[in-house]
Amino acid sequence: MSSVWGKILHDLRNPLFRQGYALMANTVVTGVLGMGYWLLAARLYSPEEFGRGQAVITAMRLFASLTALGFVGALARFLPVAGRRTPELALRGYGLAAATGGVAALGFLLTLPMWGKTYSVLSGFWPGLFFLASVLVWAVFTLQDVVLTGLRRATFVPLNNLVFGIVKMGLLVALAGALPSGGIFVSWVIPTALALIPVNWLIFAVVVPRHVEKSDAEQEPPRLREIGRFLAGDFPGTLSILGIVYLVPVVVATQVGEATFGRFSMAHTLASMIELLAMNMAVSLTVEGSFDRAKLAENCRRALRRAFMIVTPIIAVAILAAPLILTVFGSAFAAEGTTLLRLMSLAVLPRVLIEVYLSALRAQSRARTLATVQIGLAVLVLVSTVALFPYAGVNAVGYGLLFSEILVAVLIFGNLRKILKFGETRTPVVTQGSSGAA
C-alpha cells in the first residue's frame, strides 16, 4: 500500500499525471454526486418527470456543447502557448460557444412539435426563455474547466464540481414539493449559473495573469489564422463525436416513452462516466504535448499505461455488477439497462486507444487526420445504432458503440504505434507553432 501511495506521489510531480489525475478525480466526484442526485430524483419525482428531466437536460447539454466541446481541443492545444493573448482566446471561446449554442437552441424551440411529446414541457415563452438561458450558461460552464486545464490548473476543477454537485442535490430536495414538475431541470441550472461567478473570477483575476507573467515574452502567440486552420479540421470531427455523446440520447428520447428513457439514461450516464476517465488523461496529454512536444511519445506511452491501469478494473466491476448497480435506482432500471451498461463499459477499452491517438494528433496540429478519424467513428456509431434499433431497442446504442470503436481502434493502431515508438531525441513531426500537417 505504501509503495502504491509513493508511486502516486511521484506521479503528481509530473504535470501530465497531475492534470490527468485531477480530471479523473473530477469524473469520480461528478459520478458519485451524479448517482446521488439521480437516486434522489428517482425517489422524489414520478417516473415520467424523472425521464422528462433527463431528456430536457440532455437536450440542453447537446445545444450548449455544439461549439463548447468543439473548442476543447483548440483551447487545450493553444492556451498553453497563447502568452499575452490568453484572456482574449478564452473569452472568444466563451462568446462563440454561447452564441452558436443559443442559435441552435432557438431553432430547437421554434421546431418543438417535431421533437415529440417529451419536450412539449418547453412550449411557452417563459419555459423556452429559461431553456435558452440554460444553454448559454452551460456553454460557459463547460469551457471554464477546459480553460483551467489548458493553463495547468486542473486541480481546481474537482473542487468546483464538488460544490456544484452538493448545491444541486440540496436544491433538488428543496424543490421536490414546491416544483414537482420541472424541479429537476431548475435544480440543475441554477447552481450552474451561480458557479460561473467565483470560477471565472479565479480564472481571469488570478490564473490568467500568472500564466501571462510566466510566459516567454519573446514567444510569438498563435495567430488567429493558425487557430482557425486547426479548428477547420478539429471542429467538424469534434462536432460529429458530439452526435455520439448527446444526439443519440436525444434521438432515443423521441422514440421511446419518458419512463423508458429515464431508465435508458441512467445506464447511459454511468457508462459515459467511465468513458470520461479515458478522455481525461487524453486531454492532459494534449496540454503537455503543446508545452513540450519533444516528450510526446513518452507521454503517450505513460498516458496509455495509466489509463488502462485505472479503467480496466472499473470496467470489470461495471460488467460484473451492472444489475446490482442499477437496482439501486429500481428493479426496472436493472431489467432495461444492464446489457446497455455492460456493452458501453466494454467499449471504453478500445476508446482509450482512440483518445490517446486523437490527443497526440491535436498536439501535433494534424487537424485533417483528426477530422477523418472522428467523423468516421461518429458515422459508424450513428449508422449502426439506427440500423440495430428496430431489433435491439435501446441496447442498439451499446452494440453500435462497441462495434464502431473496436473497428476504429484496429484501423488507427498502426499509426498509433508509430507515435508511441517515436524517439525523444529525434525532431518532432510538427514543430511547435506550426500551421499543421495532414
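The structure is a predicted model, in which local features need pLDDT of at least 70 and side-chain atom pairs count only at pLDDT 80 or more, while totals for chains, interfaces and linings use all residues. Residues are numbered from 1 along each chain as its sequence is written, and side-chain values use heavy atoms, with hydrogens and water left out.

**Overall structure**

The protein chain has 15 helices and zero strands. Helices (H or I, at least four residues) and strands (E, at least two) are DSSP runs, numbered from the N terminus. Of its 438 residues, 55% count as buried. Buried means under 20% relative accessible area, exposed over 50%, and partly exposed in between (1.4 Å probe, protein chains only). The accessible surface comes to about 18300 Å², and 69% of that belongs to carbon and sulfur atoms. These areas come from the Shrake-Rupley method with a 1.4 Å probe; for residues, only the protein chains shown count as cover. A contact means heavy atoms within 4.5 Å. Among contacts between residues at least 6 apart in sequence, 82% join residues at least 24 apart.

**Aromatic rings**

Rings of Phe, Tyr and Trp (its six-membered ring) pair if their centres lie within 6.5 Å; planes under 30 degrees apart count as stacked, over 60 as edge-to-face and the rest as tilted. The count by this rule is 19 aromatic pairs. In one of them, the ring centres of Trp 138 and Trp 188 are 6.1 Å apart and the planes are at 45°, so the pair is tilted. Trp 138 belongs to helix H6 (residues 125-150) and Trp 188 to helix H8 (residues 183-214), so that distant parts of the chain, 50 residues apart, are linked. Both Trp 138 and Trp 188 are buried. They are also members of one aromatic cluster, which includes Tyr 37, Trp 38 and Phe 50.

**Salt bridges**

Side chains of opposite charge can pair when their charged atoms come close. A salt bridge is a side-chain nitrogen of Lys or Arg within 4 Å of a carboxyl oxygen of Asp or Glu. Seven salt bridges are counted by this rule, including those in the table.

| Salt bridge | N to O distance |
|---|---|
| Arg 85 and Glu 88 | 3.2 Å |
| Glu 275 and Arg 351 | 2.8 Å |
| Arg 351 and Glu 355 | 2.9 Å |

Arg 85 is partly exposed, at 23% relative accessibility, and so is Glu 88, at 31%. Glu 275 lies in helix H10 (residues 258-291) and Arg 351 in helix H13 (residues 348-363), so their pair ties together parts that are 76 residues apart in sequence. Glu 275 is buried at 12% relative accessibility, and Arg 351 is buried at 1%. Arg 351 and Glu 355 both lie in helix H13, four residues apart, about one turn of the helix. Glu 275, Arg 351, Glu 355 and Glu 405 are linked in a network of salt bridges.

**Confidence**

The pLDDT is the predictor's confidence in each residue, from 0 to 100. Its mean over the protein chain is 81, and 85% of the residues reach 70 or more. Over residues 423-438 the pLDDT is below 50, and this stretch has 33 contacts in the model beyond near neighbours in sequence. Where pLDDT is low, the predicted coordinates should not be read in detail.
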